[in-house]
Amino acid sequence: MKFLKKFSALALMAVSLMLTAVPAFAAQATVTDFQGFAKALMDPSVTYIDVVQSIKFTKNTSGIPNRDLTINGHADEGVVIDSD
């Protein structure tokens, strides 16, 4: 019985440590306009932006959080990301 209690306590501690080491889930954003694109850029949890319609930058965007980020612009499907 003592072995079972010790084993259970160790197993619980191991699971707790594993759960605290798992990072928060990364978010994906699908955008169709500049406002959605800018919002996704500013959200530090977003690591993938899917631009599904052509967009045009209407102003500069600064203060973007530093992170690994993938932007799929669908250029092969004719989607254009442009500026004024």
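These are my notebook entries on a predicted model of one protein chain.

**Ground rules.** I number residues from 1 along the chain as its sequence is written, and side-chain values use heavy atoms, with hydrogens and water left out. As the model is predicted, local features need pLDDT of at least 70 and side-chain atom pairs count only at pLDDT 80 or more, while totals for chains, interfaces and linings use all residues.

**Overall layout.** I looked up the secondary structure and found two helices and five strands. Helices are DSSP runs of H or I with at least four residues, strands are runs of E with at least two, and both are numbered from the N terminus. The order from the N terminus is α-β-α-β-β-β-β.

I then checked burial, where buried means under 20% relative accessible area, exposed over 50%, and partly exposed in between (1.4 Å probe, protein chains only). Of the 84 residues, 19% count as buried. The accessible surface (Shrake-Rupley, 1.4 Å probe) is about 6,500 Å², and carbon and sulfur atoms hold 62% of that.

For contacts I took heavy atoms within 4.5 Å. Among contacts between residues at least 6 apart in sequence, 31% join residues at least 24 apart.

**Aromatic rings.** I counted two aromatic pairs. Rings of Phe, Tyr and Trp (its six-membered ring) pair if their centres lie within 6.5 Å; planes under 30 degrees apart are stacked, over 60 edge-to-face, and the rest tilted. The F37 and F57 ring centres are 5.6 Å apart with planes at 80°, so I logged this pair as edge-to-face. F37 sits in helix α2 (residues 34-42) and F57 in strand β3 (residues 55-57), so the pair ties together parts 20 residues apart in sequence. F37 is buried at 4% relative accessibility, whereas F57 is partly exposed at 23%. Ring pairs link F34, F37 and F57 into a cluster.

**Nonpolar patch.** I noted a surface patch of L69, I71 and I81, with about 210 Å² of accessible area together. Patch residues have over 30% relative accessible area and no salt bridge; like charges are joined within 9 Å, and nonpolar side chains (Val, Leu, Ile, Met, Phe, Trp, Tyr) within 5 Å. A salt bridge is a side-chain nitrogen of Lys or Arg within 4 Å of a carboxyl oxygen of Asp or Glu. L69 lies in the loop between β3 and β4 (70-72) and is partly exposed at 30%.

**V80.** I placed V80 in the loop between β4 and β5 (81-83). V80 is partly exposed, at 43% relative accessible area. Leaving aside neighbours within four places in sequence, V80 contacts S54 and I55. V80 and V51 are 29 residues apart in sequence and 8.9 Å apart in space, C-alpha to C-alpha.
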